[in-house]
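Me: I would like to learn how to read a ligand site and a helix packing. Please take them in turn.

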Amino acid sequence: MKFDARNFTPEKLLRLYEAILKPRLIEEKMLILLRQNKISKWFSGIGQEAIAVGVTEALDPDEYILPMHRNLGVFTSRNLPLEKLFAQWQGTLLGYTKGRDRSFHFGSNAHHIIGMISHLGPQNGVATGIALASVLKSSGKVTAVFNGDGGTSEGDFHEAINLASVWDLPVIFIVENNGYGLSTPSREQFRCAHFIDKATGYGIEGRQVDGNNILAVYETVAEIAASMRKNPRPVLLECLTFRMRGHEEASGTKYVPAELLEAWAAKDPVENFERFLLAEKIITKSKVEDLRKRIKSEVNNGLKIAFAENHPVADTELELRDVYTPFQTTPVVPDLNKSSEKRFVDAISDGLRQSMEKYPELVLMGQDIAEYGGVFKITDGFVAQFGKQRIRNTPICEAAVVGAGLGLSIAGMKSVVEMQFADFVSEAMTQIANNLAKTHWRWGQHADVVIRMPTGAGTAAGPFHSQSNEAWFFHTPGLKIVYPSNPYDAKGLLCAAIEDPNPVMYFEHKLLYRSIRGEVPDDYYTIEIGKANIVREGNEMTIITYGMGVHWAMDIASEMNLDADIIDMRTLLPWDKDTVYASVKKTSRVLILHEDTLTGGIGAEIAAWISEECFRFLDAPVYRVASLDTPVPFAPTLEQNFLPKGRLKGKIEELLKF
Ligand SMILES: Cc1ncc(C[n+]2csc(CCOP(=O)(O)OP(=O)(O)O)c2C)c(N)n1
């Protein structure tokens, strides 16, 4: 292996040597601890250290890095306290996640490191968001994100590179090409000869480097980062290396040909660099020994502290509380003297515009939302007022864009992402359910993202433009869900959702956009998230509903002259149990109505809760009226049969008779 040290001072070479030696010595210790059964699992980066260390050393300390499971060198080069790192691996309180997540699954903003979640790929979208913030703030910072060669087959990788390419975002997409994805060799994972060939397809620059040569990695990254800081753009960096140990220690390397392991052992990044420094007399054998001793003692000290810790004592209240970022706010009361009649769609637009005015750090992202104004015209005219930097047309890539929202949040910004139709959110499920929802609970990072969800049936648009999918999110701790039924609530709840630093799914029924109107205060105001609204009062029964269901319930109540409480839930998560309790106690009869399908719908949870908490008040079973358990059909006759409206009257009569 040839090292070209012309551009390095002896001090720098020594620094790099220490930086690459440290993760190697930690790993060697971990392998011993594993054999002694003192740690549970280990993903080895032995043989790949030059990449993590070279990249980290070449970037500024305040430039974000998103490492993966074999990148211990990123953490050690940024000097995370070893005892905290070890405690994190042991699941103790001194670690970074209060014992809630394992291994490298945490971030530290103080060190500008955002660790992975288990899912391979989503880190790329997050990196684009961090880089976007750097562009919007003109801070001239580069972001580096790691991938294994196997993980590059994930759609997230493709989406994020394409997004970074189109938006000229300064992200170094690193591929550690190490020959295997778990047990499956490269030839069964992809057919490109080199990853840099893919760069051409994305219209970006690709660079390939010997990933076992720390000086080559360092110089390449330093050079491209310097250029990207001045001229923001993504670069794909392929680092050629080899995975010398099993996927994780327990899985072994039986399936790896011995001659491959031998050939790559000869290219060991630490041993070769050490030999080079000794040959060049940059370091002496005794200095090497001193350094090893010093690092080993640092490791042992760290371990002593970490192993002295116990697993956390479980505190249910704390576990539940940390699901959300704490956020206390007093609702902004509207001036009711200044109002105008608005359609539902205009109220949403109004709330969005006033939030953009209030928060200069707020960015809107979505398909066709810029000059075109979005398919429902909610952002019509926004580009003229706020410019294209903040009103961002996206390529068709929901996952990367939601991931970018989290990246913006990490960098201190806010975002609203418009799904063109709520149905398409399935493309972004990993980012929502695993990244946005869990990040605060895992390591305290808020995810200040609102996702707007044009939802619902009734327009004969078929199974993929009509779904009610709020229940997908209802089951995911960490999200909030709001679902207004009228223009007044639509504006106030949207403004509140944008204020809230937690991830909020904001459902807006498409059929209501232009079919209903109401008085809406002109000025900015908010409605408290988590509070239901009693829209009709009565004593004989309670109808609990939301969205379009509110209109169906109000119509039938007038038609049947019902003496009923009608509760518009407005927020589905967390939902207003107090209001439900008080009403059920008063009326003793309950019907839950929603447009979503019956089985596993939100009504099921509310009914179960009522039966547990309000059983003694009930004079009848809790009834549910919902859509049929089928996809949403296209033909209007089938669609109307699918929807619950036609079954509502009969069920109410049944309930009153019971
Ligand atoms: C979305 C997803 N699918 C599957 C896995 C299980 N898994 C974890 S690591 C791994 C192999 C990764 O290979 P590669 O990306 O080449 O990285 P390497 O382990 O070689 O560094 C697999 C299949 C996962 N973590 N995430």
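Me: Which of the 15 residues around the ligand come nearest?

Reply: This is a predicted model, where local features need pLDDT of at least 70, side-chain atom pairs count only at pLDDT 80 or more, and totals for chains, interfaces and linings use all residues. Residues are numbered from 1 along each chain as its sequence is written, and side-chain values use heavy atoms, with hydrogens and water left out. Of the 15 residues, Arg-70, Ser-118, Gly-150, Gly-151 and Tyr-180 come nearest.

Me: Which polar side-chain or backbone atoms lie at 2.9 Å from the ligand?

Reply: A polar contact is a pair of N or O atoms within 3.5 Å. His-69 places a polar side-chain atom 2.9 Å from a ligand oxygen, and a polar backbone atom of Ser-118 is 2.9 Å from a ligand nitrogen. For Gly-150, a backbone N or O atom lies 2.7 Å from an oxygen atom of the ligand.

Me: At what angle do helix 1 and helix 11 pack?

Reply: Two packed helices are described by the angle between their axes and the distance between the axes. Helix 1 (residues 10–35) and helix 11 (residues 285–308) pack at about 50°, with axes 10 Å apart. Angles under 35 degrees count as roughly parallel, over 145 as roughly antiparallel, 65 to 115 as roughly perpendicular and the rest as oblique. Helix 1 and helix 11 are therefore oblique to each other.

Me: What are the angle and axis distance for helix 21 and helix 22?

Reply: Helix 21 (residues 577–587) and helix 22 (residues 602–613) pack at about 60°, with their axes 11 Å apart. Helix 21 is therefore oblique to helix 22.

Note on methods:
Near = heavy atom within 4 Å. Polar contact = N/O pair within 3.5 Å; in protein donor to acceptor, adjacent residues only side chain to side chain. Axes fitted to C-alpha atoms, helices over the stretch in contact; angles between N-to-C directions. Helix = DSSP H or I, 4+ residues; strand = E, 2+ residues; numbered from the N terminus.
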